[in-house]
Amino acid sequence: MSGALRRPLVPGDRSKAVQHVLASATGPGKLLAAAKRQRATARLLEVVFAELESAEVDGTEAVAGLSGRGLEVLELYRLYRAQVAGLLTPTELLDLAVESVTSGNAPDTHVVVMANGSLNAAEKRLLAALRRTGRLSAVLPMVHTPDTVDWLRGQFDLAVGAGAPEASAVTRLVVAPDAEEEVRIAVRTTLEHLASSGCRPERIGIAYRSPTPYVRLLAEQLTVSGIPHHVPSQRTLAQTVAGRAVLGLLSVYDRGVPRSEVLQWMADGPILGPAGHRVPADWWDRLSREAGVSRDLDTWQQRLDRYAS
């Protein structure tokens, strides 16, 4: 594939490139140049540039009728494109996927698309390639985004504006008394499918309408059944020990590093020293009190240095 040696453009790359072009923005009368130090300016340009990439605007063509601000954005977009030239944009990545599907080099899989949003041109090209090779199914809602659903109907040779197609013969409706039994049925069905079809576990997905309680129940039942799986964790990084320690440190710093809060942070940690041992909060309590530390990072440094000498 032509893009095999280029890595995909990720949001972090876009953010760095936007920061770079904003730093170089100068000139009288330029609104974005004047506001380049505002974080909101960078966030706005990241969104705009992502939309321009999605619309496959390369920034080289002449655009008539743009305002001064529009010309300024276009100029920055051209500089941004030069910054990310060595990376695969989402559109280029999708086109490589089209090439892979068309040439028969794509993994043997099947894609089910939920038609509940808009599609850009590159996404349509990929879905069309999947449809041509018999690898696409679509869920068409009764209340829909007309452009997307009508386009998908055309791909499946369904009349535009017609009612929903008849349900497949393999569709099965099961009524369960509670969420736990729902999950058991889903796991039993998965086991039956694995045994009868030879399908690999990573090719199977189980959908649920709400993370609570289904995430926990699925993790439990799939583990008991011995099915390799990945279930999204409901616990955020901020709720982990490490996350709480980092947030606590930032909070202590924002409040001026008061001695009492630093010691509380050490005790709550656990905070480990360079040798991997837990930092003794009681020892630091006695030491900082004897050194006369109260708050402020510079005060901590000066008082501890003086105490040590």
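A word on the basis. This is a predicted model, in which local features need pLDDT of at least 70 and side-chain atom pairs count only at pLDDT 80 or more, while totals for chains, interfaces and linings use all residues. Residues are numbered from 1 along each chain as its sequence is written, and side-chain values use heavy atoms, with hydrogens and water left out.

The protein chain has 13 helices and 2 strands. Helices (H or I, at least four residues) and strands (E, at least two) are DSSP runs, numbered from the N terminus. Of the 309 residues in the chain, 28% are buried. Buried means under 20% relative accessible area, with exposed over 50% and partly exposed in between, using a 1.4 Å probe and protein chains only. The chain exposes about 20200 Å², and carbon and sulfur atoms supply 57% of that. Those areas come from the Shrake-Rupley method with a 1.4 Å probe; for residues, only the protein chains shown count as cover. As for contacts (heavy atoms within 4.5 Å), take those between residues at least 6 apart in sequence: 58% of them join residues at least 24 apart.

Helix α4, residues 68-83, has 16 residues and reaches 23 Å from its first C-alpha to its last, close to the 22 Å expected at 1.5 Å a residue. The expected span is 1.5 Å times one less than the number of residues. Its buried residues are E72, V73, L74, L76, Y77 and Y80.

Helix α5, residues 90-103, has 14 residues that should span 20 Å, and its end C-alpha atoms are 20 Å apart, which agrees. In α5, the buried residues are T91, L96, V98, S100 and V101. Their cover includes α3 (39-54) and α6 (121-132). After α5 comes G104, with a positive phi near 85°.

Helix α9, residues 211-225, should span 21 Å with its 15 residues, and the end C-alpha atoms are 20 Å apart, which agrees. Y214, V215, L217, L218, Q221 and L222 are buried in α9. An α-helix has 3.6 residues a turn, so residues three or four places apart point the same way. What covers the buried residues of α9 includes α8 (179-197). G226 follows α9, and its phi is also positive, near 75°.

Q221 counts as buried because its relative accessible area is 18%.

D13 lies in helix α1, residues 11-23. D13 has a relative accessible area of 12%, so it is buried. Not counting residues up to four places away in sequence, D13 touches R7, P8 and L87.

R135 sits in the loop between α6 and β2 (136-139). R135 is buried, with a relative accessible area of 16%. Beyond four places in sequence, R135 touches A106, P107, D108, T109, H110, V111 and L130. R135 and D108 are 27 residues apart in sequence, and their C-alpha atoms are 8.6 Å apart in space.

Last, the helix pairs. Two packed helices are described by the angle between their axes and the distance between the axes. Axes are lines fitted to C-alpha atoms, for helices over the stretch in contact, and angles run from 0 to 180 degrees between N-to-C directions.

Helix α10 (residues 241-254) and helix α11 (residues 259-268) pack at about 175°, with axes 10 Å apart. That makes α10 roughly antiparallel to α11. On the cut-offs, under 35 degrees is roughly parallel, over 145 roughly antiparallel, 65 to 115 roughly perpendicular, and the rest oblique. From α10, A245, G248, L249 and V252 meet E261, V262 and W265 of α11. By class, the contact has 5 nonpolar residues, 1 polar and 1 charged. Ala, Val, Leu, Ile, Met, Phe, Trp, Tyr, Cys and Pro count as nonpolar, Asp, Glu, Lys and Arg as charged, and the others, Gly among them, as polar.

Helix α12 (residues 281-291) and helix α13 (residues 297-308) have axes that come within 9 Å and cross at roughly 90°. That makes α12 roughly perpendicular to α13. W284, L287, S288, E290 and A291 of α12 make the contact with W300, R303, L304 and Y307 of α13. The classes there are 6 nonpolar, 1 polar and 2 charged.
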